[in-house]
Amino acid sequence: MNTLHGLNEKQIEAVTHKDGPLLVIAGPGTGKTKVITHRIEHLIREHNIRPEKILAITFTNKAAEEMQERINTEIGEPHGSSVKACTFHAFCVKVLRKHALKIGLSENFTIFDQELQDEILTESVRELNLNADDYPSWLLRNIISEAKCTLQDPVEAVDNTDIYDPETLENIRNVLENYQHKLDEYDALDFDDLLLKTVELLDVKEVKDAYHKEISYILVDEFHDVNRVQYHLLQLLCAAPVHNLMVVADEDQSIYSWRGSNPEYIDNFRTDFDPRTVELDDHYRCSEKILRAAEEVISRNPERQKQHTLRTHKDAGRDIFHYTFDTPIAEALGIIHVIQNLVTKRSYSYRDIAVFYRTHKLADVLAEQLLRADIKFQRILPTNSFGEGHSKGILAYLRLIQWQLPQDLEQAINFPETCIDDLTWVRLKWLAQRKYIEFMELLRNIEAYAEDVGPLTRRNVRQFWTQLEKLSVEIQGEKTDKIIQKLFDALELSRSPYRAEELEVIEKQPELPNLVTAQDVLYSALNLDEPIQITASHGIDEYCAAHIIHQTLETYLDQYAELRFLPPDENRPPQFDNGVHLLIGDFEELGETGRDARIILIGNPADTARSDVVHLKTEDIRSIAALKLCQRLINRFESPNMADMVVYDLETTGINPKTAEIVEIAAHRLNPIGDEVERYHCLVKPPGGRIPRAATRIHQIDEDTVKDSPGIELVLPEFFGFIQDRILIGHNVSEYDNPILARDLGRYLKMGLSAPHYDTLATARRLFPRQRCSIGALAEKFGIEHDRLHGALEDVRVNREIFKELIKIDAYKREVKSLTELLPLVGLGILAKTEALQREAATRDTLTETDVFLNAAKRFVQTHSADLPERLPLEAAEAAEATAYMEELQDTAVPEFREDIEWRQRRIQFMNAVIHFESVNDEHQLTNFLDYQKLLTNIDELDDKTEQLTLMTLHAAKGTEFPVVIILGMEEGSFPIWKQNITEEEIEEERRLFYVGMTRAQNQLYLSSTVYRTGDRERAASMFVREVPSNYMIKWPKPRRA
């Protein structure tokens, strides 16, 4: 095969270069990837270089995979797959996994992505009693990244920032030290560490010599995007004296200065390596007009090393269009009109068209209008698909198995079903603080805290750990695809057997008469340690109901109860002197009881007048009533003691928590059932005494109101003494009240706010996702009467009642989904009492409560393979009947709901992602997969096969090409992006970014701007639009003549 076929003269010159450093200057559309892949092929075929001794480095996984595919196509298997084609980060992970011990790292290190990094940074700030608003995670992350990308220690690099306050500098140093200690504690590396630690590792002579022998040729794509640490890494990898390093670069496409990249490294390469230089001049992508317009724009950058004109191989093409719209909605509708015309009148497909923008926010209106127009599109967001929805829960499970990090615990334990509700989670965190133990340690030893944690929560947590440990053992040594299959099989057991539509049926049912009274009687008997006896009249349903109650008492409450199953010829319960007697079935008479005895009857009473009988009225199926009674009883033991809680509220001078000052503060300390036992209230004079009129209109507090009030520095010690370390409850406390309180505690008392909190707004939004959840709206929803709101005392009182309503709703939702292991008994009871024809008719009609429980019983049996309880004393005929019912539960089809389809689709999608991972990676262990998904970027998942429009930022568009490109947001302030004191160098990079966007378009380029993007400030078209030569562009609407 001719390795030079289809190449132009300059490409051949680059491809046939064998030894020594090589610099290829390659503008957009000049075939640089083709040059790299053909050079690899040429080295292998013509010079007999072993494929595994070649390293090709790109900046995205997608580019690496495409390069690998091209190499495989050109060279064929197995040689093609032996070439190492990967990103800098992927290469570094492999090196570190292999040699980490040589620099004191664990080989089982974990990688912290930006989300986890921000979480650790925020945690570090709070541990030092600093205000998170004063030390935002993005600022700290930028300091860390900038330092590590330039081979500096982040703590030492703090002095090089634009921060001049000595106290702030010292605090940042302390935070960064704390952050690094936490990374060490967790055996974790952030993304920048992957490069930095690899550089450190290659400074070890033994390791460096090994890689010099292992790698003979290095080829780097997009070299203009390297930063200092990446450049140094290449210097260490490249063996002297030959320096077989080829880099492909174009300074006009350097757009990542915020990641430390700089076109100057092209000059550094020239100086340090004295390479042979080849310039690719032939352009194969854009039409003549687009290319020339782009070159005119980029020529405005004065610091360009050389004016580099490309020769296009396409015709002149169409003019560029620039549309000006009044508003973002008009812009979105106009763009949709253009797209529809392209598809219907010019024979383009949706996948031929891409919309670019400077920032993600600019595309929000367009995305909404595309949905309304029913146009399919993919939007390349900042995170990859593994960071969305159910994938996060699956990955949290996998990471918890691999690394046992507390950051993954909440996501894993509440997937696929909520195992611990909001308030219980807060209380458990509070308990861990009070006991001075790690939160994960408390959950691992949950049974040791029976006095503080309810039986249902303890059982759920215990089952989670059991499943996790079992899975950890089962997947040892397995490949990722097998691990994921086993994980999904395990998670299937944790899914609720109820579906959302079915739960709505249960929740709409009227409560069983006397259910609360029956539960109170049982609860009292258990607290007083009174005897409990259960007697069931003859019948499968009655026996199942008795077994449900007995098993609940025994399993959850460790309570013995005497259990009697009456034979067919006996219908009188035994005499009972004291305690509680549960009777299940139809009895001719209830018999005599002692003075202290009480009866709970689930069935039809013989005597309705007796005062010692609580009749739990039900329809025919007693097992359903028994289950509901047990669910309510166990839920009673889950009720929180609210004596450790404080509801509080702040009124302030504004809506921005960073600048708002407190003018009123109020709180209620609660008793065990949530009523007020003590209150705190104080008006506060803000610093300077000024209260804006806009704030006064909200809370009616003006400057005269607080002129004689104490300042917050005097109020805080008193208020902190009131709340102490109790759980804080408030409305929007997460985003507003807590940050303000934490800021002032740090400012005046030099302490942090460590108390766990419960946010009624966050919980309400989860429970009522499509409803208004302001404090006023919730008060109206729950029928809570109130005076004028936005006074701290009244808000506290109202929010206290809202809090109690929310935890009731959460508790009930937990209740109806609990005790699922007892559903097979309920299913038996239903089948025993319901004729087959009636059951079939029910499945064709509206869902009844009985249908719901039967469906749930079938799902549970079919996923858990339940058997008949051994305790049921059934005669031979009845036992055969019950066995047939169990087989029916096992074998009968269950109706499918939306959740079932979505779950199956998620499983398929995740498995497809794993299969793809295994197809592009040599190693298939769990650690390799977790590394892969951490390094996956949004652009790596770009789908160019499906018939859909593509929306992406200009940064993400690097490396793509489309027949039609639309760039929206082309007005001042949006692009170039507005920034105070923007420098000429930053404008030049913005211009390079526009150049990159323009040169993605093969045939047609559209630009759009709005006069009013946000607010009412009129904006001019972007300076970059004005730099496009008028003879290449048509403006619409056309400028009016003077």
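Ala, Val, Leu, Ile, Met, Phe, Trp, Tyr, Cys and Pro count as nonpolar, Asp, Glu, Lys and Arg as charged, and the others, Gly among them, as polar. By that division, the lining of the second largest pocket has 20 nonpolar, 10 polar and 20 charged residues. The model is predicted.

**Second largest pocket**
- The volume of the second largest pocket is about 1400 Å³.
- Its lining is made up of 50 residues, and Arg636, Phe637, Glu638, Ser639 and Pro640 lie nearest the centre.
- Two or more lining residues come from each of α19, α21 (455-474), α24 (515-527), α25 (540-557), α26 (622-638) and α32 (792-816).
- With 10 residues, α32 supplies the largest share of the lining.

**Cysteines**
- The structure contains zero disulfides.
- Cys86 is in no disulfide, and the nearest cysteine sulfur, that of Cys92, lies 8.6 Å away.
- Cys86 has a relative accessible area of 10% and is therefore buried, the cut-off being under 20%.
- Cys630 is likewise in no disulfide; for this residue the nearest cysteine sulfur belongs to Cys544, at 13 Å.
- Cys630 is buried, because its relative accessible area is 2%.

**Asn414**
- Asn414 sits in the loop between α18 (409-413) and α19 (422-435).
- The relative accessible area of Asn414 is 19%, so Asn414 counts as buried.
- At 2.9 Å, the side chain of Asn414 reaches the backbone nitrogen of Ile420.
- Leaving aside residues up to four places away in sequence, Asn414 touches Cys419, Ile420 and Trp425.

Key
Residues are numbered from 1 along each chain as its sequence is written. This is a predicted model: local features need pLDDT of at least 70, side-chain atom pairs count only at pLDDT 80 or more; totals for chains, interfaces and linings use all residues. Side-chain values use heavy atoms; hydrogens and water are left out. Helices (H or I, at least four residues) and strands (E, at least two) are DSSP runs, numbered from the N terminus. Buried means under 20% relative accessible area, exposed over 50%, partly exposed in between (1.4 Å probe, protein chains only). A polar contact is a pair of N or O atoms within 3.5 Å; within protein, one must be able to donate a hydrogen and the other to accept it, and residues adjacent in sequence count only if both atoms are side-chain atoms. Contact means heavy atoms within 4.5 Å. A disulfide is a pair of cysteine sulfur atoms within 2.5 Å. On a 1 Å grid over the protein atoms alone, a cavity is a set of points where a 1.4 Å probe fits but cannot get out, and a pocket is an open set with protein on both sides within 12 Å along at least five of seven lines; lining residues have an atom within 4 Å of a point. Grid points are joined across faces, edges and corners, and a volume is the space filled by probe spheres set on the points.
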